[in-house]
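Welcome! Please take a moment to look over the sequence and the 3D view, and then we can walk through the ligand site and the salt bridges together.

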Amino acid sequence: MQSLKVKIYIAGHTGLVGSAVLKELTRKGYKNLVFKSSKELDLKNQKETEVFFKKERPEYVFLCAAKVGGILANSSYPAQFIYENLAIQNNVIHFSYKYGARKLLFLGSSCIYPKLAVQPIKENSLLSGYLEETNKPYAVAKIAGITMCQSYNAQYKTNFISAMPTNLYGPGDRFDAETSHVIPALLLNFHRAKKENKKFAVVWGTGKPRREFLYIEDLAKALVFLMKFYNGPDIINVGTGEDISIKELAYIIKEVVGFKGSIRFDASKPDGTPRKLLDVSNIRSLGWQPEIPLEEGLKKEYRWFLKNYARK
Ligand code: GFB
């Protein structure tokens, strides 16, 4: 990606990750960007995807298209999570190879690592233990994608790299009480509780699990950086290297939103993995580091929510 004229395809450009990557590439001055909405091109459909790749022949591919969701969405729709992710990545990876892409970046997730992995989690702990049950179908699909990239590199000499981002948040998130990830769910939940003058708001689980959160613009910068400079065969973690308990997070979000009531924890809801803090020494040693602290990122996301969602 040394020239600004190279043809770059962003798969999933309307999602949280893809839209941030598109924005970052535009900001950097790349001029030949290709993207299609899921209505125009269904990446689950092998024929449609092949026709697209045959015509466009992108040189660089950011594979950001995926079926994603929070802990409850993952456990409620396991079939969709495994099928849709396998189908999308199968098609995009294979046709990127078949139609000569110079490089592809595949996105995994920190949930691909074993539930009880040693913390902070190093890249080499992949497949060293049992997965967390609530997101096993999603994790298995993502592990298949990583293995597919590595297998194509080994057999066909492609340059397909895989990045493992930690939990993400920021403008472009999906706000839904049931299926969102924890940050948009709590912003929405506390916002509604504030509007309705509720005495308390409910947070799922015990509040004890710890999570690491990366602001979406920091991730987009990391992905463009990796596409330019990283060519290794191994997966690479992308995170902040710091985590926080869900309880601490809930209290910060309560402040950001300005909700004055109290917080109750509903332990009948799943906690998921107790902790998943990534070891980010590899990407840091290459020269990338995050810029946006959690509280600042949460304020930006809440402002975006107020502008885009609150009146709907
Ligand atoms: O964000 P979340 O769904 O992702 O949940 P995971 C994180 C933690 O927040 C869990 C708690 O311990 C939840 O119990 N939590 C508290 C809430 N209140 C809420 C709420 O209102 N909504 C949600 N969603 N959580 C996902 C995986 O796991 O992480 C995906 O299922 C993916 O596969 C993603 O990898 C990054 O970190 O638990």
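A polar contact here is a pair of N or O atoms within 3.5 Å. Keep in mind that this is a predicted model. A backbone N or O atom of P270 sits 2.6 Å from an oxygen atom of the ligand. The side chain of N74 also takes part, with a polar atom 3.0 Å from a ligand oxygen atom. At W204, a polar backbone atom is 3.0 Å from a nitrogen atom of the ligand. The ligand taken alone exposes 700 Å², and the protein buries 96% of that.

## The shell around the ligand

In total, 22 residues surround the ligand, and the closest are I71, V182, R211, P270 and D271. By class, the shell has eleven nonpolar, eight polar and three charged residues.

Helix α3 (71-76), helix α6 (182-195) and strand β7 (200-204) each supply at least two residues of this shell. The most comes from α6, with three residues.

## Salt bridges

Side chains of opposite charge can pair when their charged atoms come close. The structure holds 16 salt bridges, one of them joining R102 and E59 at 2.8 Å, N to O. R102 lies in the loop between α4 (78-98) and β4 (103-107), and E59 in the loop between α2 (46-56) and β3 (60-63), so the pair ties together parts that are 43 residues apart in sequence. R102 is partly exposed at 48% relative accessibility, and E59 is partly exposed at 25%.

Elsewhere, K136 pairs with E133, their closest N and O atoms being 3.6 Å apart. K136 is partly exposed, whereas E133 is exposed. Finally, R210, D243, E248 and R275 are linked in a network of salt bridges.

Conventions
Residues are numbered from 1 along each chain as its sequence is written. This is a predicted model: local features need pLDDT of at least 70, side-chain atom pairs count only at pLDDT 80 or more; totals for chains, interfaces and linings use all residues. Side-chain values use heavy atoms; hydrogens and water are left out. A residue is near a molecule or strand if one of its heavy atoms lies within 4 Å of it. A polar contact is a pair of N or O atoms within 3.5 Å; within protein, one must be able to donate a hydrogen and the other to accept it, and residues adjacent in sequence count only if both atoms are side-chain atoms. Accessible areas come from the Shrake-Rupley method with a 1.4 Å probe; for residues, only the protein chains shown count as cover. Helices (H or I, at least four residues) and strands (E, at least two) are DSSP runs, numbered from the N terminus. Ala, Val, Leu, Ile, Met, Phe, Trp, Tyr, Cys and Pro count as nonpolar, Asp, Glu, Lys and Arg as charged, and the others, Gly among them, as polar. A salt bridge is a side-chain nitrogen of Lys or Arg within 4 Å of a carboxyl oxygen of Asp or Glu. Buried means under 20% relative accessible area, exposed over 50%, partly exposed in between (1.4 Å probe, protein chains only).
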